[in-house]
Amino acid sequence: MGRLTGLVALVTGAGGGEMGGGGAGIARVLAREGAIVAVNDLHEDYARATVDQITRNGGQSFALAGDVSDPRQANELVSSVIARCGRLDILVNNAARLGRTPAVERMSDEEWHSYIAVNLSGPFYMSRAAIPHMMQREYGRIINIGSLAALRASLNGGAGYTSSKRGLLGLTRQLAAEFYTYNITVNAVLPAGILSGRLRAEMGERAEALVATRRWALPDDIGQICAYLASPEAHLISASVIVVPGVNATGLGDFAQYRAMARQIGKDIGE
Amino acid sequence: MQRQQRFDLNGMVALVTGAGGGSRGGLGPLIARALAESGSRIAINDRTPERARETVAELRAAGYDAVEAFPADVANSAQVDRLIAQVVERFGQLDILVNKAEAHGSGRRSDQVSDDEWESLLAVNTHAPFYLSRAAVRHMRQRRFGRIIHVSHITASRTSALNGVAYVAAKEALYGLIRHLSIEVAQHGITVNAILPGFIVTPKLLHGWEEERVQRLAETIPIRRAGTPEEVAALVVFLASHEASYITGAAIPIDGAVSVVPGGRTDPASAFA
């Protein structure tokens with residue numbers, strides 16, 4: 001029996017299977033621990049890649065396409081899990097918009113809004129949809145996948161990414177405060193780099209070295225953290241920010257190094 | 001007591017958003033007044049033209065001539081671009097942006113917060129600061145000097161029973177913007193900061209209160225009183241000055257240590273709502 005046997009989880013942005021990122025890893029580990037896992041992603045095919053991988057290994061899972069940044073679709077995602085499984089115990093808000101944007105002075109309204117919509121409004125809409133049901137059952141585990149950018153500034157992304165991930169800390173804190181008496185915990189996990197299956201295939205040995213030296217996490221590593229937070233035993237962990245080591249999360253940064261990296265990858269840091 | 005010499009803002013131009021309403025308007029107009037006292041020329045923004053003009057009229061009556069009204073909705077990207085352009089056109093420059101405009105939440109529990117509330121709080125408390133900062137930076141970097149100061153709230157760094165989830169998330173996102181922007185613009189002589197006031201009341205508000213109510217409020221705060229707008233305005237003046245050139249990317253509490261108190265209520269003010 002796994003730690004999550006009998007529980008139902010919904011993981012957003014969890015498609016891609018073998019080629020996927022943190023979300024796929026989270027879905028795999030929760031399923032391995034016995035949870036029935038609803039795998040959400042924007043596209044059904046992409047979600048199904050993770051579902052297939054889980055079911056091949058004897059787990060229970062199904063695919064749910066939908067865009068978390070649309071409140072109507074967020075409501076539908078939650079209600080369809082409850083309709084199908086009769087319950088929803090674990091919500092992992094992992095879906096996120098990544099990528100590079102220009103410095104603030106050159107950023108368009110659309111670029112800015114797209115990050116806030118997916119990375120901050122999405123988790124709010126999903127949580128709001130799930131909470132009434134969780135309150136009723138007096139069990140809920142909401143896990144928001146943030147980023148180390150929330151504690152600093154984004155290494156690869158722009159101000160929209162940093163702001164959305166910082167805002168997620170506020171969302172986590174307020175939700176945790178409001179619902180802890182209902183046995184609903186709300187936590188944030190802040191990974192540094194995650195070696196997605198796709199990157200692993202592309203980068204080869206260089207990526208393996210980053211994993212071996214603990215600078216990058218594997219998708220399933222993030223899944224292990226979530227599996228614990230999702231379990232009944234973790235009922236007194238709430239409003240916590242779990243920092244996944246990788247790039248230095250605790251010391252001072254090095255601007256010269258940051259600038260050199262930005263030049264190398266063509267990131268606009270406002271020069 | 002004789003006023004000590006203040007930080008000198010002579011020759012500077014400041015834009016204060018959400019600064020309408022004059023002496024009935026709260027913190028914004030008082031910040032504008034303090035900046036004017038220190039020598040800055042002032043652009044008063046408010047969404048409502050009459051409210052902006054009210055503050056301008058009072059400041060002019062107090063002897064500050066270089067004060068103009070610039071009504072605009074800061075949650076509207078195009079209006080913000082126009083606002084900054086108009087200020088620069090009128091005064092020839094913009095050195096200090098104090099963003100005081102904000103939207104308050106309903107205080108409903110998160111599962112009861114509507115799409116409208118969520119979106120409108122993000123619009124004013126997160127998107128508006130982005131539009132304002134972007135337009136201000138485009139101008140400030142040419143002059144290699146700038147001070148961007150967002151007036152947030154201490155509950156934004158904790159939780160808020162009065163304003164709820166949208167307020168906390170939106171203001172925390174604003175802090176992310178401040179941090180990211182601070183490293184982009186540091187090299188151009190521009191600083192970006194937030195201040196986090198606690199429970200601030202005007203003497204006028206307290207005047208109408210029963211002594212017992214004032215006392216009850218005072219006892220929730222380690223300093224044993226509410227903060228005054230003048231204390232907050234003084235921090236803004238300092239952050240706007242040349243002397244504060246090495247402070248950037250910061251969110252500075254000004255709350256009488258209420259955010260340090262263990263246990264108790266979520267908001268210092270919630271007992272008085």
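Reader: Why does R214(A) count as exposed?

Author: The relative accessibility of R214(A) is 66%. Exposed means over 50%, buried under 20%, and partly exposed in between (1.4 Å probe, protein chains only). R214(A) therefore counts as exposed. This is a predicted model, in which local features need pLDDT of at least 70, side-chain atom pairs count only at pLDDT 80 or more, and totals for chains, interfaces and linings use all residues. Residues are numbered from 1 along each chain as its sequence is written, chains are lettered from A and ligands numbered from 1 in the order in which they are written, and side-chain values use heavy atoms, without hydrogens and water.

Reader: Where is R214(A) found?

Author: R214(A) is in the loop between helix 7 (205–212) and strand 8 (216–217) of chain A. Helices (H or I, at least four residues) and strands (E, at least two) are DSSP runs, numbered from the N terminus. Phi of R214(A) is near 65°, a positive value in a residue other than glycine.

Reader: What makes E138(A) partly exposed?

Author: E138(A) has 48% relative accessibility. Phi of E138(A) is near 50°, a positive value in a residue other than glycine.

Reader: How many aromatic pairs does a search of the whole structure find?

Author: Eight, over all chains. Rings of Phe, Tyr and Trp (its six-membered ring) pair if their centres lie within 6.5 Å; planes under 30 degrees apart count as stacked, over 60 as edge-to-face and the rest as tilted.

Reader: Why is the pair of F124(A) and W118(B) called stacked?

Author: The ring centres of F124(A) and W118(B) are 4.0 Å apart and the planes stand at 10°. The distance is within the pairing limit and the angle is under 30 degrees, so the pair is stacked.

Reader: How do you know that the pair of F124(A) and W118(B) joins two chains?

Author: F124(A) lies in helix 4 (residues 109–137) of chain A, and W118(B) in helix 4 (residues 115–143) of chain B, so the pair joins two chains. F124(A) is buried, at 1% relative accessible area. W118(B) is buried as well, at 0%.

Reader: What makes the pair of F255(A) and Y258(A) tilted?

Author: The centres of F255(A) and Y258(A) are 6.0 Å apart, with 45° between the planes. F255(A) and Y258(A) are three residues apart in helix 9 (residues 255–265) of chain A, so about one helical turn separates them. F255(A) is partly exposed at 39%, whereas Y258(A) is buried at 12%.

Reader: How do you know that the charged end of R97(A) sits over the ring of Y115(A)?

Author: The charged end of R97(A) is 5.1 Å from the ring centre of Y115(A). A charge sits over a ring if NZ of Lys or CZ of Arg is within 6 Å of the ring centre and within 35 degrees of the ring normal. R141(A) lies over the face of Y139(A), at 4.2 Å from the ring centre.

Reader: What radius of gyration does chain B have, and why does it agree with a compact globule?

Author: Chain B has 18 Å. A compact globule with 273 residues would be near 19 Å, so the value agrees. The radius is taken over C-alpha atoms, and the globule rule is 2.2 Å times the number of residues to the power 0.38.
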